[in-house]
Amino acid sequence: MNRLTEISASHSAHSASSPLILSGRGVTAVLGPTNTGKTHYALERMVAHKSGVIGLPLRLLAREVYQRLVLRVGEGAVALVTGEEKISPKNARYTVCTVEAMPRQTSAEFVAIDEVQLASDLERGHVFTDRLLHLRGTQETLFLGSDIMRNVLSKLLPGIHIMERPRLSKLEYAGSKKISRLKRRSAVVAFSAEEVYAVAEFIRRQKGGAAVVLGALSPRTRNAQVELYQNGDVDYLVATDAIGMGLNLDVEHVAFAQDHKFDGFQYRPLNIAELGQIAGRAGRHVQDGTFGVTGYAAPFSDETIERLEAHVFEPVKILQWRSKNFDFSSLQALKMSLEKVPKVDGLTKAVPAVDQRALEFLSRDDEIIALTENAENVEQLWDICALPDYRRIAPAQHAELIAVLFKDLVHKGAVNEDYIARQIKLLDKTDGEIDTLSARIAQIRTWTYVANHPGWLTNFNHWQEKTREIENNLSDALHERLTKRFVDRRTSVLMRRLREKTMLEAEISVNGDMFVEGHLVGQLTGFRFVPDSSAEGLDAKAVTGAAQKALAIEFEARAARLHASGNSDFAIGSDGTIRWMGEPVGKLTSGDNVLRPNVLLLADDQVAENVRELVTARIERFVNHHITTILKPLDELSRAEDIDGLGRGLAFQLVESLGVLFRRDVHETVKSIDQTARGVLRRYGIRFGAYHIFMPALLKPAPAELVTLLWAIKNDGFDKPGYGEIIPALAAGRTSLPTEQSFEREFYRLAGFRFLGKRAVRIDILERLADLIRPALSWNPGDAPRPEAGYDGKSFISTPAMLSILGATAEDIEEILKGLGYRSEAVSADAAKAHLDGLAGEGDGSDNGPVVEVVSSKQIAKSDEAEDASSSDGESSDDTSAEKADASADGEEAPKPVLLWRPMGRSDRNRARPNQGKGGANNSGNRNRGKSGKGSFKDGGKPRHNNKGKNAGGNNRPPRKDKPMDPDSPFAKLAALKDQMNK
């Protein structure tokens, strides 16, 4: 039989013949107060041997020691055995147990028992006593505990070696303090769940939160709560006396909120040793600790203080004992064997424990009596009576459950798994509050114990996994509820990152007014405090000084709340001010990257550096999130890794220009970018328009407002005329608007508009205008149908559709087209009508209606170029004068000329420069017109019709040579397809 099998079976083994060991030879008692490193010493001695067993008082502590050993010697070398959990590697050399799960006998070289002073405990003491008297290692045995065990161990075990371990740090009394004035890293001790919850709730309101530790919590929940404290999420711990044993905590001060407890039998004051065990948790290693009282607890007497500081306690004089020589011949015989009294001085018969009380109840049940007529069944009943009462219920109720289990084992050989399934199903839910979840955990721990007991279940592996899963889920839910109730997440960051040792009472109203002891001392806005002008004089200065100290705490509390706030609690104003909950806390300033402005914290100099860093970091996270969310396409483009070459350069310019480029400014770059690179850029939301390279997703009010703000920050633009004036037009859905000449023109571009003289037009609308113009310029006369704006294939006329999308009048469109780089030529209305009628007669298939509707004088205003042309070209001037004279003679107003628009070529732009001859752009433009009169038509301005293609309309210039088409372009492929179809 290996050691683990021996451990599992020993608890129920019949050992009536084992003699009482009264020798301490080979046994060492390592005694001393808390924080002396006793457990660490035992583990070092254990791993020095080939094998060992160590018993600990709590499952929680057993799990902690197990994990420490695993890190030291490896997972396969260590076993864990408790009533509810068994981890049993095949070749384990070391075993960690709860004391109840320790074997009665072992062949291990080393044995250690921790917290041996519990041998005097009324409930569990007899188990510790049994292990002290009977269990030994073959080479070394260690007892660990308080110095109060020195005398009784020396008396019971002659020859025992006593080793003293002095405390590594000092423990001092700190007096009585209000809970609100307790320093950080304090533990408050109370002795009822109600009191623990009340204190924790108060600390939550005053300090931001507290972790909670009670004996009734599952080990997993306790560990999670302890971790909440240890990692600094909270700076306060509220606990029962469960803190006094097995919890290694970084506690600097222990405050007793109560000094009485109910021990299961009576409500009594704590003795000095119990106070010392708890107070000793203050201070770790060489760091000194303090203890004191708080709440309604009375201050300790001088004698108590002196004894606690010196670790001088009343020695244990007697240990609890219960015979281990059980007589299983009958129920009555078993009961009588439990009533035996010890014959050794220093031992006393233990009061009936849970198992004995359950047996007493069951021995009066006729069915149970009938089933225990043989020794085997009596022994099995006693084995089941060891089931712990996790639920803390009446002995009769606990005994009823034991009876159910016992009857199943006797009748069926195993516990009815359908019954277990029904019980467990009721517990497999995580709703409810703290008390409900605690009750479920207590019940599932009962079934975890049953599942881990050998031989009780057929499918024990399944039920071990199932009960462990449910217990873990319930424990996590309980931890979540405790944290939600007793930790204010909005201020708990304060406990982790900010440090303050004093607490001054101060009251801050909803509107930020600060009162100290009834005096108004000023107003707090964000992180800036403005003293009240009426707070003057010596007394007022003293109050203000107190307020300044209190402000340090308030600044930190606000920093904690701000740090925990969601992004919806922040906003950026049009002036770059960042507000949190409506209060200004920061200001955006220019940075190296236009999309990454700096944050200037609006805070008093008094605000501590760590607070400033905490607040600034949170504000910066919000600002970055806000920009990357609102300007997502631009942000993604700025971080793109798959764009290279000229495309990368264009992307950089687009980011620097905040999403809009005039195509003419980057014409050469765009022309050099191939279609593959353009496709990559298009995937990032870039549109290559006729007039602009832009990102349509940014032409919305929110992105436009933000890019305007970022530009103003980078270029000191807040005071420039027009800031904030254009965005409302975009938000209202305007496609164009009258311009204000005094406004900074960049504001139009950033808002998604193009400044074009007296009118600004939305960029995407201008691209729609290009869609109307493009067919007119690519159309060949004679092809059907003629586009509405088509004229001769080289120029176009304005149409009602253009006016409609631009939201402009006839007077505006000329200015708009000039601004877009088009040059106008005027022809008479009659000539234009004759030209278009001629095209219609030749069968162009156009159904655009009569020319008079298209080029009505009500739609198109007379251009400046037309006036210049009439004054600079003699022939044209004479014709026009004659037309006017004829019109005047008839008493009618002469029809206004029609403007033909075409893109301005390089020669046009060169001639339009002011230094290129007298008359400037207008005169140079006229020289490019036909020599025989207004426009490009001869014979009095009437158009000549040519059915030979694009040279129709009176243009005598030789046809231009077309550039060779890129064979890979989509246009080349389309042309090839058309050729194929024609064949």
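1. Let me start with Arg 596, which is partly exposed at a relative accessible area of 27%; here buried means under 20% relative accessible area, exposed over 50%, and partly exposed in between (1.4 Å probe, protein chains only). Its side chain meets that of Asp 635 in a salt bridge, 2.8 Å from N to O, the term standing for a side-chain nitrogen of Lys or Arg within 4 Å of a carboxyl oxygen of Asp or Glu. Because Arg 596 lies in strand S26 and Asp 635 in helix H21 (residues 632-638), the pair ties together parts that are 39 residues apart in sequence. Asp 635 counts as buried, at 3% relative accessibility.

2. A word on the basis of this note. The model is predicted, so local features need pLDDT of at least 70 and side-chain atom pairs count only at pLDDT 80 or more, while totals for chains, interfaces and linings use all residues. Residues are numbered from 1 along each chain as its sequence is written, and side-chain values use heavy atoms, with hydrogens and water left out.

3. Now the chain as a whole. It holds 37 helices and 34 strands, taken as DSSP runs numbered from the N terminus (helices: H or I, at least four residues; strands: E, at least two). Of its 983 residues, 51% count as buried. The accessible surface comes to about 46000 Å², with 49% of it belonging to carbon and sulfur atoms; areas come from the Shrake-Rupley method with a 1.4 Å probe, and for residues only the protein chains shown count as cover. Among contacts (heavy atoms within 4.5 Å) between residues at least 6 apart in sequence, 70% join residues at least 24 apart.

4. Strand S26 brings us to its sheet. This is an open sheet of four strands in the order S23-S24-S25-S26, with antiparallel pairing; two strands pair if DSSP finds at least two bridges between them. Strand S23 (570-572) and strand S26 (596-601) stand at the edges with a single partner strand each, so one side of each is left without a neighbour in the sheet. From one strand to the next, the twist averages 30 degrees. Strand S25 (residues 583-593) runs antiparallel to S26, joined to it by five bridges, and Lys 587 stands opposite Leu 600 in S26.

5. Two helices deserve a look beside that sheet. Helix H20 (residues 609-630) lies across S23, strand S24 (577-580), S25 and S26, running at about 150 degrees to S26. Helix H25 (residues 701-715) also packs on the sheet, where it touches S23, S25 and S26, and its direction makes about 70 degrees with that of S25. Axes are lines fitted to C-alpha atoms, for helices over the stretch in contact, and angles run from 0 to 180 degrees between N-to-C directions.

6. Strand S1 (residues 27-31) is worth a check on screen: five of its five residues are buried. In a regular strand the side chains alternate between the two faces of the sheet. Here both faces are covered, with Val 27, Ala 29 and Leu 31 buried on one side and Thr 28 and Val 30 buried on the other. S1 pairs in the parallel sense with strand S7 (residues 140-145) over five bridges, and Thr 28 has Leu 142 as its bridge partner in S7. Strand S8 (residues 161-164) also runs parallel to S1, joined by four bridges, with Glu 164 in S8 opposite Leu 31.

7. Back to charges: the count comes to 47 salt bridges. Glu 274 and Arg 268 form one of them, with their closest N and O atoms 2.7 Å apart; Glu 274 is partly exposed at 23%, whereas Arg 268 counts as buried at 16%. Another joins Glu 303 to Arg 307, with closest N and O atoms 3.9 Å apart. Both residues lie in helix H9 (residues 302-310), four residues apart, about one turn of the helix, and Glu 303 is exposed at 53%.

8. Finally, a surface spot. Leu 122, Phe 265 and Val 351 make a nonpolar surface patch of about 220 Å². Patches are made of residues with over 30% relative accessible area and no salt bridge, with like charges joined within 9 Å and nonpolar side chains (Val, Leu, Ile, Met, Phe, Trp, Tyr) within 5 Å. Leu 122 sits in the loop between strand S6 (110-113) and helix H4 (125-134), and is partly exposed with a relative accessible area of 34%.
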